Structure formats: C-alpha cells, structure tokens
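This report examines selected features of one protein chain. The sequence and the three-dimensional model are shown first.

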Amino acid sequence: MFRKLGFRELSTLKKSIAPFNMEESVLVPNPRSLMLKMQDFCEAGCQNTQVVTDFDFTLTKYYNNGAKGIATHQVLYRSIDSNTAEYMNQLRAHYQKFETSSEIPDYQRKQLLKEWYSKVNQAVLSSNLTKDKLYRTVWDSPIFLRSGIQQAVQTCEESQIPMTVVSAGIGNVIETLLGQFSKAPQIVSNFIQWTPSGQPSCFSEPTIHPLDKSKVFKNKPIRSHVLVMGDMPSDAKQVEKAEYTNSIKVGFLNDPKVFCVEEFKENFDIIVLKDGNLAVLNLILELISGKELYPEDYPTLSQLVPVRS
C-alpha cells in the first residue's frame, strides 16, 4: 500500500533518533566500480535519482544500549493481549529461520513466509488491539531511527529526490515514526486498516514479506538511478523488476553471525558495519546534489569523501 504523510509536531522526534555512532565503519568490495557509479549518479543529477530503502534495522538501529533492538512487528506484539502475543512469538520462532535459510529453494521460502504472514495477520485481527494502543506503544518501545535520518529526509525534500520505504513490517508503526518529518518518505508496507471505533478490520493488500519486495516496482515508473538500502541480501533485489540504468546498493551488516560478509560483498556496493549511521546515504545525496563535502562532517567515512575530486 502506498501512503504519503503530512506534517506532525517534532517534539518527540529526538526521543526516536539514536545518537551518532563513532564506531561505525564501511567496507567497499569494489572501490573502482563504486567510483564509476558515483560519477554516473553525479552526472545524472537529482532529477534522475530515487532512494528505495528497507525500514527495520536499515533505517532503525539493530542494537540499543547493548541490547538488540526490535522490529515493527515486535512493537505490534507489545500492543496486544498476552495470549495472542505468545502465539505470534511461537510463529516467529518457527518461521523466521526461513528468511535467511540457504538450505531450501527460494520459491519454498517465499511460500513459508506467505503462510507466516497470513497467520500473523489473522491473529492480529482477532486480538484486542486498538489503534490508540498501537500508537502509544510505539513511543514506549525501544525502536530508534539511525542517526542522520533527519538530514537524509531534508536533503531528499530540498533536492526533490523521492524516497520510498519498502517494508515487510507494520506500516502504521513506520508511519508514526517517519510521520514526524515535514515531508515524510512514501511508505509501501503492511498497513492495518481500522474501523471507525479504532478496531482492526483488515490488512492492506497485497501483503509484503521480506522476499517479495520486488513486486512493488513491477510495471511501475522509477527513476533511472536508484540508491537501494537494506539489511538482508534479498533487499538488494528490491528494484530488480523495475527498469533503471544504474544503482548503488548499501547494505547494513548488523550481525555477521546471521549473514556473512562474503554474501554482502556479492550483493552490495557499500557495506555499513557495527550498526552504523545513515552517513553513507547523506554523503551520496550531497554528492549528487552538488554540495561541497568536508571530511570533518563525515569522520567515519574518510575513504569515501575524496571520491568527488
């Protein structure tokens, strides 16, 4: 489901953004290829550039004060009765491993995830969830946007670069967090539809799960140069069914125990390590926008700043 958001008060914004992480580092598998892509993007300009990004653990932090952060579905679990939440956690324990499994074919993985999401959605619709409780729970949950999100959204707005968030998570939670910005990104996700009294009535269609995001852009217009971001190798394929000229793919390798570095090297042009910031995105956007770059503004990305010269 596509949805555009309007202005909301910024009073709670700082509560949802993590501080800058000075420990972040980046890995560039093919520096020569990246340099050529950067040059091509700069020549194409803002008018031909688009950002397509995952949400959970891409725009949000993977860790929070040493503890693993939560995804938007887990915010949902916190908003419902304990019996339903326990059932949904059991489903998660059974199905989640299929997201990253290399032991079964993709078509089977997709079918299993489709089955998982169908069961979760039915459980939500049968629970005691309310619209107000979900939105209150967002602010009480340990879910934090990465440092640099404000700058990225602002640069996209000023340079008229569309930013589209494609998420297999819960769109209502994403909407609450990103709806604080003066012009929030477009969100394509799984939205809960509400009755007039604030009860869940149905989910938006089609359902989006982690392995079928590419259907979002099938037969839909997209700009010729696409910045793609995600935290899973499958996220690198978000625009594979779209027609475009070039792409720069940024992967957040949050936990090397889940995905190996080599797998990320095969799928991404830039790999952000140690649960880093959105500095890479901001650096690329500023390059494309023709802004002057200063190394002190990107203390963790010194190897990327000179690419413009």
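## Aromatic pairs

The structure is a predicted model. A search of the whole structure returns 7 aromatic pairs. In one of them, the ring centres of Tyr-62 and Tyr-63 lie 4.9 Å apart with the planes at 85°; the pair is therefore edge-to-face, since an angle over 60 degrees places a pair in that class. The two residues can also be described by their accessibility: Tyr-62 has a relative accessible area of 9% and is buried, whereas Tyr-63, with 32%, is partly exposed.

A further pair is formed by Phe-264 and Phe-268, whose ring centres are 5.0 Å apart and whose planes meet at 35°, so this pair is tilted. Both Phe-264 and Phe-268 are buried.

Tyr-95, Phe-98, Trp-116 and Tyr-117 form one aromatic cluster. Phe-98 also has a charged residue over its ring: Lys-97 lies over the face of Phe-98, at 4.9 Å from the ring centre.

Helix H5 comprises residues 106-125. Its 20 residues, at 1.5 Å a residue, should span 28 Å, and the end C-alpha atoms are 29 Å apart, which agrees with that expectation. The buried residues of H5 are Arg-109, Leu-112, Leu-113, Trp-116, Tyr-117, Val-120, Asn-121, Ala-123 and Val-124. Among these buried residues are Trp-116 and Tyr-117, which belong to the aromatic cluster. An α-helix has 3.6 residues a turn, so residues three or four places apart point the same way.

## Strand S6 and its partners

S6 pairs in the parallel sense with strand S3 (residues 49-53) over 3 bridges. Within this part of the model, Val-51 stands opposite Met-163 in S6.

S6 also pairs in the parallel sense with strand S7 (residues 186-190), here over 4 bridges. Asn-190 in S7 is the bridge partner of Ile-170.

## The surroundings of Lys-68

Lys-68 lies in strand S5, which consists of residues 67-68. With a relative accessible area of 41%, Lys-68 is partly exposed. Apart from its neighbours within four places in sequence, Lys-68 is in contact with Phe-57, Tyr-62 and Tyr-63. Two of these contacts, Tyr-62 and Tyr-63, make up the edge-to-face pair described above.

Lys-68 and Ile-143 are 75 residues apart in sequence, and their C-alpha atoms are 9.7 Å apart in space.

Is Ser-79 buried or exposed? Its relative accessibility is 0%, so Ser-79 counts as buried. The residue is located in the loop between helix H2 (72-77) and helix H3 (82-95).

Not counting residues up to four places away in sequence, Ser-79 touches Leu-129, Lys-133, Leu-134 and Thr-137. Met-232 is 153 residues from Ser-79 along the chain, and the C-alpha atoms of the two residues are separated by 27 Å.

How values were computed:
Residues numbered from 1 in each chain as written. Predicted model: local features only at pLDDT ≥ 70, side-chain atom pairs only at ≥ 80, totals over all residues. Heavy atoms only, no water. Phe/Tyr/Trp six-rings, centres within 6.5 Å; stacked < 30°, edge-to-face > 60°. Buried < 20%, exposed > 50% of the residue type's maximum accessible area, 1.4 Å probe, protein only. Lys NZ or Arg CZ within 6 Å of the ring centre and 35° of its normal. Helix = DSSP H or I, 4+ residues; strand = E, 2+ residues; numbered from the N terminus. Expected span 1.5 Å × (residues − 1). Pairing = 2+ DSSP bridges. Contact = heavy atoms within 4.5 Å.
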